[in-house]
Amino acid sequence: MDFHRTSASLGRHCLVLLLALPGAYAATPAAAPAPASAQETVAQVGGQPVPKALLDALMDANAGRPNPFDEENAQDRQERAAVRAALDRQALLGELVTIELMAQEALRLGLHKSPELVAEAELAYKTLLQRDLVRHMLSTMAVTNEDIAQRYQGVPAERQFRIAKVDVATPAAAHAALAALRQGKRLAQLAKRGSGAARPASPAWVMASQMDTGLAQQVAGMAPGQAIERELPQGGWQVVQLSATRQLPKPPLDELRAGLRTQIMQERLGQRIEALKTRADVRLSAERAPQKDAAQ
């Protein structure tokens with residue numbers, strides 16, 4: 001799950017309504033905000049005070065929250081503060097007033113009693129709780145330089161493959177091209193001489209990550225000079241020849257540090273979530289079989 005993106009979208013579109021429609025989350029009493037009279041307000045709408053906390057939440061949602069997997073430094077905090085300061089506070093206050101007006105009208109019409117809205121509001125609230133639990137968990141994870149250095153030792157050096165490919169229309173054309181290659185013909189010559197080729201061969205150095213998974217697995221097991229034929233997912237056939245391989249030097253630790261740190265944190269987060277699942281008493285209700293039409 002992309003918690004950063006979930007944070008931004010739910011923070012902007014759900015949090016304010018969750019607070020403005022108290023009846024919508026009656027199933028989650030812990031969500032209830034402090035009485036508006038005890039909070040600093042920024043407006044009165046229909047006699048109802050609008051807490052400053054709602055405007056702050058709306059501004060934070062527009063300014064963006066830091067990615068919890070990143071190491072935030074003073075410059076990052078200054079840049080985010082600058083983005084927040086540049087927001088049009090009055091325009092956002094106007095947006096908040098509109099939200100409040102529409103929330104009050106929804107309450108007047110009794111829409112907050114809709115089971116669908118109650119369920120959706122509870123889901124949004126619990127998703128926000130999940131987001132902040134993830135942030136809390138990540139804040140307690142100390143990833144040391146030694147952890148990162150150890151992970152770096154296990155990073156393999158990448159291989160590059162020099163391959164040439166030619167697309168053909170039929171399996172017969174692929175078989176013929178492969179047989180000609182085994183007899184010493186060159187792939188580029190086969191393409192030029194019209195073995196049903198859709199385009200000429202294009203030798204190039206590529207890494208496994210630049211090929212589709214199936215081709216990458218096949219090429220990794222080939223020897224220089226070897227060729228294969230394969231059916232393309234989009235239709236047609238292809239002949240692929242490997243001419244050479246080479247080992248790329250491993251990037252220095254500093255280039256990989258941030259990615260390795262994130263990788264370690266993601267793994268530890270996953271372990272904590274799995275531990276929660278293991279300790280939990282979870283009982284799934286059996287789904288009822290759909291009722292058959294009595295006429296059938």
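**Salt bridges and a buried leucine in a predicted model**

The side chains of R65 and D132 form a salt bridge, with an N to O distance of 3.5 Å; a salt bridge is defined as a side-chain nitrogen of Lys or Arg within 4 Å of a carboxyl oxygen of Asp or Glu. R65 lies in the loop between α3 and α4 and D132 in helix α6 (residues 115-139), so the pair ties together parts that are 67 residues apart in sequence. Helices (H or I, at least four residues) and strands (E, at least two) are DSSP runs, numbered from the N terminus. R65 is partly exposed, at 33% relative accessible area, and D132 is also partly exposed, at 36%. Buried denotes under 20% relative accessible area, exposed over 50%, and partly exposed the range in between (1.4 Å probe, protein chains only).

The model is predicted: local features need pLDDT of at least 70 and side-chain atom pairs count only at pLDDT 80 or more, whereas totals for chains, interfaces and linings use all residues. Residues are numbered from 1 along each chain as its sequence is written, and side-chain values use heavy atoms, with hydrogens and water left out.

The protein chain contains 11 helices and 6 strands. Of its 296 residues, 30% are buried. The accessible surface amounts to about 18,800 Å², with 54% belonging to carbon and sulfur atoms; areas come from the Shrake-Rupley method with a 1.4 Å probe, and for residues only the protein chains shown count as cover. Among contacts (heavy atoms within 4.5 Å) between residues at least 6 apart in sequence, 74% join residues at least 24 apart.

The whole structure holds 15 salt bridges. In one of them, R84 pairs with D60, the closest N and O atoms being 2.8 Å apart. This pair links distant parts of the chain, with R84 in helix α4 (residues 74-85) and D60 in helix α3, 24 residues apart. R84 is partly exposed at 26% relative accessible area, as is D60 at 35%.

E105 and R108 form a salt bridge with a closest N and O separation of 2.7 Å. Both residues lie in helix α5 (residues 89-108), 3 residues apart, about one turn of the helix. Salt bridges that share partners also join K52, D56, D60 and R84 into one network.

Helix α3 (residues 52-63) includes L55, which is buried, with a relative accessible area of 0%. Excluding residues up to four places away in sequence, L55 touches V42, R89, L92, L93 and L96. The C-alpha atoms of L55 and V42, 13 residues apart along the chain, are 7.8 Å from each other.
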